[in-house]
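Please keep the sequence and the structure at hand while reading.

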Amino acid sequence: MRIVVTGASGNIGTALLRVLSGEGHDVIGVARHRPDTTVAPYSSARWVQQDVGANDAWEELTGLFRGADAVVHLAWAIHPRADDPAMRRTNMAGSANVLRAAADAGVEHIVCASSVAAYTPADRWHEVDEDWPCGGLAESAYSVGKAAFETQLDEFCRRYPDIGVARIRPCGVVQPDAAAEFSGWLLSPLAPPLPLGGDWLPVPLWPGLRMQVVHADDVARAIRAILDRRATGAFNLAGEPVLKSRDLARLTGGIRIPVPLKLLTSLAWPSWRLGLQPLHPSWLRLADRASLVDTRRAREELGWRPRHDPAATITELLAAIRAGRRGGSRPLDPPRDRIRLGRPSHQDQSAGQ
């Protein structure tokens, strides 16, 4: 197949190139920054440097999509730095450009990356299926953005019923190649990563925290199955089992310090605002409220099974962070942050941004 992948140099995109490599497909990667095309898996694709949120992106993408058997839309600003393009420009305007271009180019199959964050929060331990409403979490710009994207896709499907549209809704997607990206999202430049995984590192976590994790390669395998079957509809993707706070403490350092979520978010706000650490407090609220998902549909319709254990995946990621591992693309090898007192390093994640 001729497959065009937007956001192909990111976390999921890198894994998808790895999975598709050697299968004889003509893969075209679209990215705002061209990756190192001398190294795998980026060497397996042809590359077009294009910002999907730019004003002229629709015209450029239309020409690029002509003749494609499928478009895989992965481009999304998850936790952008303060000097990156605004989230809404990349996410909403960019997605509108991609969808319009795909329709105008006559593409018959589109695969889009949504998220479990799009779901309206359910009861803490209830696993929702793909029919659960996508209302998002009002306190999180990422969640609200993914919910709005779901609405955008619904409207597109009504307008173009002959175009097959699939959407994946993965939980937290991690892999060792994304170590530098996650380090930049989670850790202050003032905090060296060396203690991660140490026997006596205190880990402040709130009671009741639960988290689903899936390896990027498992997500990529689901996308490949969707492409092979020309599947449509929504598919939840998550590894098993669900990780609890004691599991996360054990994996990251060993000593869990129970701290109320309200206290953690109250501390995260001023430290983010002053630029001392990158994590906006809305990410903590989303981690607490995000729905757990049932993956039965992906298993039954795609024959999909996650091959990677969530605990082992987290362990590999932490080892890669400790080792200072960096990827071969701008998202996976981001600029190293510097402390600029009074200026947040990353964009505001409050709803409405």
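The buried residues of helix 9 (residues 281-289) pack against helix 4 (141-159), strand 10 (210-211) and helix 8 (261-273), where contact means heavy atoms within 4.5 Å. Helices (H or I, at least four residues) and strands (E, at least two) are DSSP runs, numbered from the N terminus. The buried set in helix 9 consists of Pro281, Ser282, Trp283, Leu284, Leu286 and Asp288; buried means under 20% relative accessible area, exposed over 50% and partly exposed in between, with a 1.4 Å probe and protein chains only.

This is a predicted model, in which local features need pLDDT of at least 70 and side-chain atom pairs count only at pLDDT 80 or more, while totals for chains, interfaces and linings use all residues. Residues are numbered from 1 along each chain as its sequence is written, and side-chain values use heavy atoms, with hydrogens and water left out.

Two helix pairs are set out below; axes are lines fitted to C-alpha atoms, for helices over the stretch in contact, and angles run from 0 to 180 degrees between N-to-C directions.

| Helix pair | Angle | Axes |
|---|---|---|
| Helix 2 (residues 57-65) and helix 3 (residues 87-105) | about 45 degrees | 8 Å apart |
| Helix 5 (residues 179-186) and helix 11 (residues 310-322) | roughly 85 degrees | within 9 Å |

Helix 5 and helix 11 are therefore roughly perpendicular to each other, a term for angles of 65 to 115 degrees, whereas under 35 degrees counts as roughly parallel, over 145 as roughly antiparallel and the rest as oblique. Ala179, Phe182 and Ser183 of helix 5 make this contact with Leu317, Ala320 and Ile321 of helix 11.

Helix 2 and helix 3, by contrast, are therefore oblique to each other. On the helix 2 side, Ala57, Trp58, Leu61, Thr62 and Phe65 meet Asn97, Val98, Arg100, Ala101, Ala102, Asp104 and Ala105 in helix 3. Within helix 2, Thr62 counts as buried because its relative accessibility is 5%, and Thr62 touches Ala101, Asp104 and Ala105, not counting residues up to four places away in sequence.

Leaving aside neighbours within four places in sequence, Phe65 is in contact with Arg2, Val4, Thr6, Val71, Val98, Ala101, Ala102, Ala105 and Val107.
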